[in-house]
Amino acid sequence: MANSILLTKEINPEKRQLLLNEGLEVDTKDFIRIKFINTEKISLHHKTLIFTSANGVEGFFKNGFDAPHSSVICVGGKTESKLAEKGIKTLHTAKNAEELASFILQQQWDNSDFVHFCGNLALDTLEKSITNHNANYIKKIVYETELLYPTLNKKYDALVFFSPSGVRSFVKNNSTTDEVIFCIGNTTALEVAKYTSQKPIISTKQNLNDLLSLVKSVV
């Protein structure tokens with residue numbers, strides 16, 4: 001039974017209260033910081049736009065881009081919801097970058113132009129897949145992820161991770177032993193596996209609500 005839980009990013013107080021209502025001790029601490037940056041404007045006319053995070057969507061609009069004549073594909077329900085808030089409908093939503101790469105290959109989009117709006121630490125999964133598919137890949141970095149590397153002075157029963165970069169920030173000055181580990185998705189879980197033999201518990205829907213429900217049901 002896990003009584004003390006660390007969430008490795010700050011979340012909405014109402015969401016945190018859901019765990020506190022279960023009688024759990026819940027701490028939150030940011031392990032990464034997001035900074036939106038400017039990028040050179042390009043024409044997106046009849047290009048396929050890729051978003052792999054909600055931050056990528058936010059950075060897209062902060063840079064004044066629009067997508068009136070573009071197809072849009074993305075990774076994750078949170079990203080899709082963020083796009084919907086901005087009035088953009090997605091052609092396809094995948095659970096992770098690998099699944100999205102498979103979808104692109106199935107479409108036979110040879111000689112197409114793909115523009116990926118992402119952060120500076122984005123994996124090269126899509127870039128490799130698209131360029132090997134005789135298509136054009138353009139990466140537009142619209143935000144930077146800074147790893148904060150905080151040091152913990154407390155032992156927790158459970159750890160909750162939200163991104164691979166959050167995992168890397170955690171392990172810089174901390175270690176895992178016998179904690180129950182929760183991850184928001186497979187990519188984050190793969191990063192956890194590099195540093196511990198503990199098998200993480202993974203959210204199947206890969207969003208915050210499902211992850212917190214999973215934590216409640218397990219602990």
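In what order do the five strands of the open sheet lie? In this predicted model, the order is 2-1-9-10-11, and the pairing is parallel. Strand 2 (25-28) and strand 11 (201-202) form the edges, each pairing on one side only. Strand 1 (residues 4-7) is joined to strand 9 (residues 158-161) by three bridges in the parallel sense. Within this pairing, Ile5 has Ala158 of strand 9 as its bridge partner.

The protein chain is divided into two parts: domain 1 (4-31 + 148-217) and domain 2 (34-145). Their centres, taken over C-alpha atoms, are separated by 27 Å. At the contact between them, seven residues of domain 1 meet seven residues of domain 2. The size of an interface is often given as the accessible area lost when the parts come together. Here, the area buried between domain 1 and domain 2 is about 520 Å². Carbon and sulfur atoms give 42% of this area. On the domain 1 side, Ser165, Thr187 and Gln206 lose the most area to domain 2. Together these three residues account for 55% of what that side buries.

The largest pocket has a volume of about 1,300 Å³. Its lining draws at least three residues from each of domain 1 and domain 2. In total, 48 residues line the pocket. Thr52, Ser53, Phe162, Ser163 and Pro164 lie nearest its centre. Helix 6 (residues 164-173) supplies the largest share of the lining, with four residues. By class, the lining comprises 23 polar, 17 nonpolar and eight charged residues.

Terms used
Residues are numbered from 1 along each chain as its sequence is written. This is a predicted model: local features need pLDDT of at least 70, side-chain atom pairs count only at pLDDT 80 or more; totals for chains, interfaces and linings use all residues. Side-chain values use heavy atoms; hydrogens and water are left out. Two strands pair if DSSP finds at least two bridges between them. Helices (H or I, at least four residues) and strands (E, at least two) are DSSP runs, numbered from the N terminus. On a 1 Å grid over the protein atoms alone, a cavity is a set of points where a 1.4 Å probe fits but cannot get out, and a pocket is an open set with protein on both sides within 12 Å along at least five of seven lines; lining residues have an atom within 4 Å of a point. Grid points are joined across faces, edges and corners, and a volume is the space filled by probe spheres set on the points. Ala, Val, Leu, Ile, Met, Phe, Trp, Tyr, Cys and Pro count as nonpolar, Asp, Glu, Lys and Arg as charged, and the others, Gly among them, as polar. Domain bounds come from an automatic or database domain assignment. Contact means heavy atoms within 4.5 Å. Buried area is the accessible area (1.4 Å probe) that two parts lose on being put together, summed over both.
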